[in-house]
Structure formats: C-alpha cells, structure tokens
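Dear colleague,

Please find below the structure that I am handing over to you.

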Amino acid sequence: MIVRQIKVAFYHNVKTGEWCKNAPAKYGDEFYDDFDFSEYLSSADFQRDSDDPTKSPNRKRFWRLRKHVFTKFTNSGKLSKTELKGLSTDEAEVFKNAAEEKLAAMLKLESETKADTKRALKLVKIINSANWDNIQNKDLAVIKVKNSHSSWYNGGEGELHSPSEYLTVVPDSVVKEAKELQAIRRKHQNDATFDFSNTSYKCREIRVADHNNQDSYADIDSITDDWTKIFNSEF
C-alpha cells in the first residue's frame with residue numbers, strides 16, 4: 001500500500017452537472033456576473049432567474065466547491081476503494097482519476113529527488129563561493145521579486161503607499177547557477193523528501209519601498225529610484 005496525502009478539489013455545477021477544476025477561470029464573466037445577497041438567493045426572483053434559459057447556467061450560484069483528501073493507494077497507484085466511501089458515482093469517478101494522476105506526479109517527483117538534490121548541493125557550493133567583498137550594485141543580479149501582501153496597505157496610512165517589493169540578488173558571476181538552483185527548489189516545493197535546509201544558498205534581500213516600516217528602512221526609495229536601472233534585472 002502507498003500512503004500519501006493527496007488533496008483534490010473540483011467545482012460542481014448543480015444545474016448542468018459539470019465537474020470543473022477551476023470554474024471561475026473557465027467561465028470568467030459568466031461565473032462572476034451574479035448576485036451574492038442572501039435575501040435574494042432565498043427569494044422568488046432567484047428561482048425565476050435560475051430557471052430563465054436566457055441566463056447563463058455557469059453563474060456562481062450554481063457552482064459548489066468540493067474538496068477531498070485521499071491517503072491510501074494500492075501498490076499499483078490506484079485509489080483504495082475504502083477512500084471512495086460516501087461519494088456519489090460521478091463524484092467518485094472524477095476524484096478517483098484526479099487523485100491517481102496527482103499521486104503519479106508526486107511519485108515521479110520523489111524519484112527525481114536524489115539526483116536533483118545532488119545537483120543542488122553542487123550549485124550551492126558554487127554560489128556560496130562567490131566573492132561579496134566590496135561588491136557594487138551593478139555587479140548584482142536580481143533573480144526573484146516578491147511583493148508584500150500585508151493587510152496594512154488595505155486601510156489607514158497604508159492606503160497612501162505602494163506595497164513593498166523584496167528583491168533577491170546574487171553576484172552576476174553566479175546568476176546562472178542561482179537560477180538553476182532556484183528552479184530545482186521551486187520544482188520540489190511540495191516534496192517532503194527534498195532537503196531545503198541544506199540547499200539554501202547565500203543571497204541578499206533588498207527592500208524597495210516608498211515608506212519605512214517600524215522595524216526596517218527601505219533600502220531603495222521607489223519614489224526617486226528605479227531598481228531595474230540599478231541592478232542587472234535580466235532575471
């Protein structure tokens with residue numbers, strides 16, 4: 001028996017019977033062009049609109065998000081029958097296929113962990129040997145940009161400012177290796193067998209913002225400086 005935690009989610013349309021992995025993305029305006037008021041949903045107007053053939057059956061009101069977590073599979077990668085208890089016939093078919101596909105992808109990823117870890121450790125050694133002494137901004141390359149998602153920007157003083165950007169930089173001399181290592185780590189982000197601790201690498205994080213935080217200053221003022229002209233931004 002293979003034991004893994006496989007999470008599967010599908011949208012189910014109670015009007016058309018369709019199962020869809022991402023109904024909002026697939027139907028766009030059809031999905032979002034809908035009322036979302038509880039008093040309306042319980043009214044006669046809702047029933048009338050629901051039965052109106054001129055209105056899209058792919059509106060938000062008809063979709064239900066179904067989630068299941070499966071843990072037991074046969075040695076051949078098939079979902080254990082006990083995992084399907086409580087599911088309808090069509091629901092079981094949809095979730096069974098998706099769970100088995102996700103398991104196969106997970107096992108394939110795990111089979112590549114050893115080789116990827118070996119390569120990652122070599123890259124770490126190269127990156128960490130780079131010389132940071134007296135390094136100039138023009139000799140640093142940006143390999144990742146992350147934006148702040150702090151709720152502080154949603155109200156009060158925060159609404160007056162743009163979210164901070166956090167740049168991950170390494171010396172130009174090892175940017176190729178850093179990008180490759182970053183790709184390996186990203187590939188295994190949901191792989192519990194990958195050693196993220198020993199494959200971490202030396203880099204520097206630079207905060208670009210139009211404001212200071214209580215506990216930190218902006219390294220670059222976004223109002224007066226364009227960071228893409230300060231560093232190598234071919235990331």
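The notes below treat the aromatic rings, then one phenylalanine in a loop, and finally the cysteines.

Please bear in mind that this is a predicted model.

Aromatic rings

The structure holds 9 aromatic pairs. A pair of aromatic rings is described by the distance of the centres and the angle of the planes. One of the pairs consists of Phe10 and Phe95, whose ring centres are 5.3 Å apart. Their planes stand at 75°, and because an angle over 60 degrees counts as edge-to-face, the pair is placed in that class. Phe10 belongs to strand 1 (residues 2–13), whereas Phe95 belongs to helix 5 (residues 89–111), so this pair ties together parts that are 85 residues apart in sequence. Phe10 is buried, with a relative accessible area of 8%. For Phe95 the relative accessible area is 0%, and this residue is likewise buried.

Phe95 also pairs with Trp19: the ring centres are 5.8 Å apart and the planes are at 85°, so this pair too is edge-to-face. Trp19 is located in strand 2 (residues 19–20) and Phe95 in helix 5, so the pair ties together parts that are 76 residues apart in sequence. Both Trp19 and Phe95 are buried.

Elsewhere in the list of ring pairs, a cluster is formed by Tyr11, Tyr27, Phe31, Tyr32 and Trp63.

Phe194 and its surroundings

Phe194 is found in the loop between helix 7 (175–187) and strand 6 (204–209). Its relative accessibility is 6%, and because buried means under 20%, Phe194 counts as buried although it sits in a loop. Leaving aside residues up to four places away in sequence, Phe194 touches Thr113, Asp116, Thr117, Ala120, Ile184, Arg185, His188 and Thr199. The C-alpha atom of Phe194 is separated by 9.7 Å from that of Glu112, a residue 82 places away along the chain.

Cysteines

How many disulfides does the structure contain? The count comes to 0, where a disulfide requires a pair of cysteine sulfur atoms within 2.5 Å. As for accessibility, Cys20 has a value of 7% and therefore counts as buried. Cys203, at 37% relative accessibility, counts as partly exposed.

Yours sincerely

Technical notes. Residues are numbered from 1 along each chain as its sequence is written. This is a predicted model: local features need pLDDT of at least 70, side-chain atom pairs count only at pLDDT 80 or more; totals for chains, interfaces and linings use all residues. Side-chain values use heavy atoms; hydrogens and water are left out. Buried means under 20% relative accessible area, exposed over 50%, partly exposed in between (1.4 Å probe, protein chains only). Rings of Phe, Tyr and Trp (its six-membered ring) pair if their centres lie within 6.5 Å; planes under 30 degrees apart count as stacked, over 60 as edge-to-face and the rest as tilted. Helices (H or I, at least four residues) and strands (E, at least two) are DSSP runs, numbered from the N terminus. Contact means heavy atoms within 4.5 Å.
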